[in-house]
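Let us read a structure together, one feature at a time. Have the sequence and the model open side by side.

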Amino acid sequence: MWRRILALVAKELLAVLKDAKSRVVLIGPPLIQLVVFGYAATFDLNHVPFSVLNHDRSAASRELVARFAGSPAFQQMGALDSEHGIPELIDGRDAALVLVIDRRFTRDLALHRPARVQLVVDGRNSNTALLILGYANTIVTDFSRDWMHDHGGQAPPAVLDMRARYNPPLNSQWFIVPGIVALLTQVVTLLVVALTVAREREAGTFDQLLVTPMRLLDILLGKSLPGLLIGVLEATVIVLAAVWWFGVPLRGGLLPLYLGLLFFVISVTGIGLMISSLAVTQQQALLGAFLFMVPSIILSGFATPIANMPAPIQKLTLVNPMRYFLVVLRSVFLEGGTVQSLLPQYWPMALIAALSLLAAGWLFRRRVY
Amino acid sequence: MTTGPAGLTRTTETREQGVAHAARGGAAGRLRGLLRKEFLQIGRDPSSIAIAFLLPAILLLIFGYGVSLDARNVPVALVVEAPNADTAGFTARFAQSPYFRPLPFATIQQADRAMSARLVQGIVWLRADFSRQLQAGGAPIGVIVNGVDANDARIIEGYVQQIWIAWIAARAEEKGLPGPMPISVQLRVWFNPSVSSRDYLVPGLIAIIMTLTGALLTAMVIAREWERGTMEALMVTRVSLREILIAKLVPYFVLGMGGMAGSVAMAVWLFGVPLLGSIVVLAASSSLFLLAALGMGLLISSFARNQFVAGQIAIIATFLPAFILSGFLFDIGSMPVPIQLVTHLIAARYFVAILQTVFLAGDVWRVILPNMAALAIMAVVFLGAARLTARKRLD
Amino acid sequence: MPRESETAPAVLIDRVGKSFAAGGRAVTALDGVSARVERGSVTGLIGPDGAGKTTLMRLTAGLLRLDSGRIEVLGIDVGKEPLEVQASIGYMPQHFGLYEDLTVKENLDLYADLQGVPAADRPARYAELLHMTGLEPFTGRLAGRLSGGMKQKLGLACTLVRAPTLLLLDEPTVGVDPVSRRELWAIIEKLTHAEEMTVLLSTAYLDEAERCGAVLLMHDGRLIGEGAPGEFTGKMAGRSFRVAARGIGRRRLQERLARTPGVLDAIIQGSHVRVVTEQTAPPAADALGPDAAGVEIAAVAPRFEDSFVALLKARVAPVAARAPDLPPQAPAKPAEDVIVVQHLTRRFGAFLAVNDVSFAVRRGEIFGLLGANGAGKSTTFRMLCGLLPASEGTLRVAGFDLRHAAAVARGHIGYMAQKFSLYGDLSVRENLRFFSSAYDLHGQRQRARMAWAFAEFELQAFAEATSKDLPLGYKQRLALACALMHEPDIIFLDEPTSGVDPLARREFWRRINALAESGVTVLVTTHFMEEAEYCDRLVIMAQGIILAEGTSQSIKARFASAERPEPTMEDAFVALIEESVTKARAA
């Protein structure tokens, strides 16, 4: 029996590697996505254009503006003379932030009265708007503290001592890149597994296979092992790229990482086999894979937190294996997660893997005729 | 009419005048025939209707509800080592905030474990000597956030900062002291005062989804003609390539606009996104965008002559780039310069900018015109390329 | 305006060359072909798959660019003015582009619009075409719901909405049942008479050559003969014989005749063997061996296929010199039934694909399932192999129902799928290794069997070649080799010879004969009526039921009449269909 399965695995691997089309699927998207996601998918702000309407024109207000201009997050795009210029700037997206400094800014500061600064933000991109506000607040707060210190004012009774655990520079690449491991492993494994049976059906070789002494279990195993192998290999390459190229710290051990990977790839394989046994043509398989892939990526917490979703949708994510694997990846990379701490992530994946494989086997048996 | 020997009649017109007739008045008739055929096929084949209407609706639902950057009710651990009136004044603000769901912990170690177990996203730590230090000024408030999701962490930090500023201002006022913070910041968020991420994500999503459906529609239907051999039969008739392309473009343009209208209706009525701009601008820019997207589909289909390859290219070449590089989720200005340059090749980029503006800001010509011009150029380039690469030949 | 010259030949093909890039190397499809098609004729472009027929058709229609040479259609250079040519020809590609989701009428409307037929002329023209094709009752039916033969006729009608001067038909009869085939030919013959149309049609059926006015014979991208069909068969006069003998089986007789010097071709036909000799002399009877008694040799009329085989053999080096030796006659075992089918029925929804079919196959027999596409033979075949569950009835293969049988049972059967399904991206060696492993061969035995396959099927030269790039004949050999790696007792062959040239087909059947002689049971499906002759017994199926069962002679004998003393298998088939239609009417 093992000889038969090994022969099938060897044949599958040969077929995948010798077919130009599937080679493209295996190499093209992963490479492009790694580069594009790694660099383009960032929530960090750089060079946000801002403008200034300074009614005050004193040393203090110039100092405040200089702090904005000096921050890497902002880039000054000229200055305004009157309120009338603001709508045009913001509407036309020439500035995402306008800093309006009140006429009595210096005087109020000297009198210890609240000196007024207005921040006008473009809210079209709400996330950017929130981040801009956060950055601007920090700059203004730092300025206030320094000013009080220099001018003998009273220090605030309490100060925030903020620290970020696991990712002190709050670099969103550290968040996105480990996620890519899950994303690409899923895409590649799913395409390899989902298309194999359909390809054989189209070529007519599937019948050929069914009349050999191979049993369904042999065929199922022979079909899933190559996907497993390729998925694990692909994940390894991306993990290496994450560590050596993107410089993401790998704080945990390889055991918890690969244990999670194994459960994840098996469950994706099971889902791929389900799609495979339902699809008659490669096109249907492709469409099926796509229809599974898009929601599973969106609802995995890859780019946006699951906690932000409405409650019924959060429940839906519980059946998504990628959801758990993302936690494993980020935990092992950044938090130094251990097998024990990740047990709550392993068992749902194991359950999904078992159920999807069983369902695939059942569908397979039903569809084989 | 003459009657042939075997009783078959045939028109004498066919051979001599027929050719001339067809050359003169035939083009309109041919186009009419092709168009009728396309519409009949669409009516009978549910798959193109499904791609045009069902796919956008489903994707919009998943994305519209699934993608949200708004942090609400974030669980945070409150560690107050010596509770008293001072600390209560501070912690009460967390309980009132819509952004936080505070959970009390006795010791920092317990809170730490809770964060490791992902039960809380952050810790606010008031040490035992908080009240004493408060009198001296500069009492430290420990804030530890889980930085794994950097974006989420930063937003949480921003919320904590707001609570802190409000708290010290209120304290100063209570005691009749001058404000400890010399500057009061007044916020004005334009276009989206509630800073709801759905309002900005949904218009962008429409652009992404229409990119996919537009390319998928045309790429797959033309590939289908190749696969079924109908293209070979069409090509040997007097139909010109331009006629075939126009006959493909018109029905799927109509379908695409229908899908677009459905998406806009869902955005406005289901997701409650305000539509401040005019329908005319929306329709005009959608037309230009669809022409570009359909042109791209035509181009794909002239390379790929089977539906499988066409579908694969359409998904890889349109969906992912549009998702990542259109500025719908990730700010283009913050990307590295080479990648910023690449985004200019993505039609969705321009459409996202137009949609976000038309929905949330209104008809701002300074944004709309340049982006529409870019879309027009892309439409001309794609359609032109599709016309040039398509050959009335099989090789 | 029509610039076609009235005097020029309909088609003038002058030293045309065309090659394609396939898998990184150039494949020559046409190599210096020159020919002409006269006006008002029906010219047949005849040759096996891959001979270059479709390429030549597409070049003539202006759908491909010429590499070299030129083609003139009605005096117009196709390379320069393809649109001009397309305006005056009708072209029906191999898989005609019917829109399956449009009705018959809508398909006609579309092509009438595209061809610029004035609205006023349409009703009369439609009426003629629908009458001619017998599609009148079906104008509102979706084209996808028509049978294969009706689809071909509709395709022809669409091509003819505006009567073209030249009609190009690419394999119009492929996959069509014999009855529809005859109807299509009747239409074509009518057209040339009534509408003064020139018809150029391609076909892989050699018997259709005899219906053409002129024949262009193609092989491997070259024109190997042209002229009236009578000229071809005329050359073969006095070289065709019928040999019968007692004492040795017909397969052994055929094998010995094939080895006799001076014999060009020997094929089994019913109980006797049909022989074509190199000279106008009968084969030497003494070469048949001492155990052959009562040898009868009679002259028969030459057929077109005889001349094709003669022409091919003259070109191709005699590769088949080492024919597989027939094994010594297997000891006569009791004629035990190894495949038993009883009241087998298969439904797809409301559609009865196989309706109450029963038959039995004995050990060592070659048993044929004959029928047109859609007759239910493939469905029956798939149920026998365990690929499809039966709705009702029982079936036993070597005592097992393969659908539920243990893997071991499946180790006793071999299966060769339609279109030689192999793993196209794998090399010949990898395919052989995989299939032998799938049948549990390993180690010494596997190496021995692979060596056997390479030698027996002459595949050494292609061992490392990617199998999808193999010539069709070699693909067929490889597929058979894969099915035989584990020396099965029963072998299932699904349309094993479709598309291969007559020589490859002969070689294939020689191997199958050898297998049967060694006691292997062979079950074969085919839609080539003449292949029935190779079968010991056969059933003919149509619309899910068995129309006739028996030996080919017994079936043919039923339809022998005064005017047709020796009906062909196809004659018998058409008569059977007519008989069943009359019966159905009566019922």
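The dialogue below goes from domains to a helix, a residue and a sheet.

Q: What am I looking at, and how is it numbered?
A: This is a predicted model, where local features need pLDDT of at least 70, side-chain atom pairs count only at pLDDT 80 or more, and totals for chains, interfaces and linings use all residues. Residues are numbered from 1 along each chain as its sequence is written, chains are lettered from A and ligands numbered from 1 in the order in which they are written, and side-chain values use heavy atoms, without hydrogens and water.

Q: How is chain A divided into domains?
A: Domain bounds come from an automatic or database domain assignment. In chain A, domain 1 is 2-41 + 171-367 and domain 2 is 48-150. Their C-alpha centres lie 48 Å apart.

Q: And how is chain B divided?
A: Domain 1 of chain B is 32-66 + 196-389, and domain 2 is 74-174. The C-alpha centres of these two domains are separated by 48 Å.

Q: How many residues of helix H12 of chain C are buried?
A: Helices (H or I, at least four residues) and strands (E, at least two) are DSSP runs, numbered from the N terminus. Buried means under 20% relative accessible area, with a 1.4 Å probe and protein chains only. In H12(C), residues 428-438, nine of 11 are buried. Among them are Leu432(C), Phe434(C) and Phe435(C).

Q: What do those buried residues pack against?
A: Contact means heavy atoms within 4.5 Å. The buried residues of H12(C) pack against H1 (2-18) and H8 (205-210) of chain A, and against H13 (443-456) and H14 (472-484) of chain C. After H12(C) comes Asp440(C), with a positive phi near 65°.

Q: Is Thr269(A) buried or exposed?
A: Thr269(A) counts as buried, because its relative accessibility is 1%. This residue sits in helix H10 (254-278) of chain A. Beyond neighbours within four places in sequence, Thr269(A) contacts Thr189(A), Val193(A), Ser224(A) and Leu228(A).

Q: In what order do the strands of the open sheet of chain C run?
A: Two strands pair if DSSP finds at least two bridges between them. The six strands are ordered S6-S7-S8-S3-S9-S10, with mixed pairing. S6 (89-92) and S10 (222-227) of chain C are the edge strands, each pairing on one side only.

Q: How do S9 and S10 of chain C run?
A: They run antiparallel, joined by five bridges. Val215(C) stands opposite Gly227(C) in S10(C).

Conventions: Buried means under 20% relative accessible area, exposed over 50%, partly exposed in between (1.4 Å probe, protein chains only).
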